[in-house]
Amino acid sequence: MANHKSSLKRIRQDKKKAEHNHYYAKTMRNAVRKLRAMTDKDEATKLMLDKLAKNNIIHKNKAANIKSSLCNHISKL
């Protein structure tokens, strides 16, 4: 167990940030799943990926890779 007030606060903050990031990462995965099930392009998903990358929820390169794979998937339809 932590011995300092600052380390206790850091543990609380880290837990809160982890929950926040987990929510947005799960939302992103669900949106990608829905898009793969669709047959037409959906700009909202791309904007969401950019927004997550901008807020450092996911890395900007990961957002680019996901967008690229989605575009390839859609172009094959």
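Close-up 1. The expected span is 1.5 Å times one less than the number of residues in the helix, and helices here are DSSP runs (H or I, at least four residues; strands are E, at least two), numbered from the N terminus. Ala-63, Ile-66, Leu-70 and Ile-74 are the buried residues of helix 3. They take up an arc of only 70° around the axis, so they lie on the same side of helix 3; the arc is that of the directions from the helix axis to the C-beta atoms. An α-helix has 3.6 residues a turn, so residues three or four places apart point the same way. Buried means under 20% relative accessible area, exposed means over 50%, and partly exposed is in between (1.4 Å probe, protein chains only).

**Close-up 2. Helix 1, end to end.** Helix 1 runs through residues 5-37. With 33 residues, helix 1 reaches 49 Å from its first C-alpha to its last, close to the 48 Å expected at 1.5 Å a residue. Its buried residues are Ala-25, Met-28, Ala-31, Val-32 and Leu-35.

**Close-up 3. The salt bridge between Asp-50 and Lys-67.** There's one salt bridge in the structure, and here it is: the side chains of Asp-50 and Lys-67 meet at 3.1 Å, N to O. Asp-50 belongs to helix 2 (residues 43-54) and Lys-67 to helix 3, so the pair ties together parts that are 17 residues apart in sequence. To count as a salt bridge, a side-chain nitrogen of Lys or Arg has to be within 4 Å of a carboxyl oxygen of Asp or Glu. Asp-50 is partly exposed at 35% relative accessibility, and Lys-67 is partly exposed too, with a relative accessible area of 23%.

**Close-up 4. A nonpolar patch with Met-1, Leu-8 and Ile-11.** These three residues make a nonpolar surface patch of about 350 Å². Leu-8, which lies in helix 1, is partly exposed at 31% relative accessibility. Patches are built from residues with over 30% relative accessible area and no salt bridge; like charges are joined within 9 Å, and nonpolar side chains (Val, Leu, Ile, Met, Phe, Trp, Tyr) within 5 Å. Areas come from the Shrake-Rupley method with a 1.4 Å probe, and for residues only the protein chains shown count as cover.

**Close-up 5. Asn-56 and its positive phi.** Asn-56 sits in the loop between helix 2 and helix 3. Its phi is positive, about 60°, although Asn-56 is not a glycine. Most residues other than glycine have a negative phi. Asn-56 is exposed, with a relative accessible area of 67%.

Close-up 6. His-73 is partly exposed, with a relative accessible area of 24%. Met-38 and Leu-77 are 39 residues apart in sequence, with 9.6 Å from C-alpha to C-alpha. Met-38 lies in the loop between helix 1 and helix 2 and is partly exposed at 34% relative accessibility.

Close-up 7. The chain has three helices and zero strands, in the pattern α-α-α. Of its 77 residues, 19% count as buried. Residues 24 or more positions apart account for 48% of the contacts with a separation of 6 or more (contact means heavy atoms within 4.5 Å). Residues are numbered from 1 along each chain as its sequence is written, and side-chain values use heavy atoms, with hydrogens and water left out. As this is a predicted model, local features need pLDDT of at least 70 and side-chain atom pairs count only at pLDDT 80 or more, while totals for chains, interfaces and linings use all residues.
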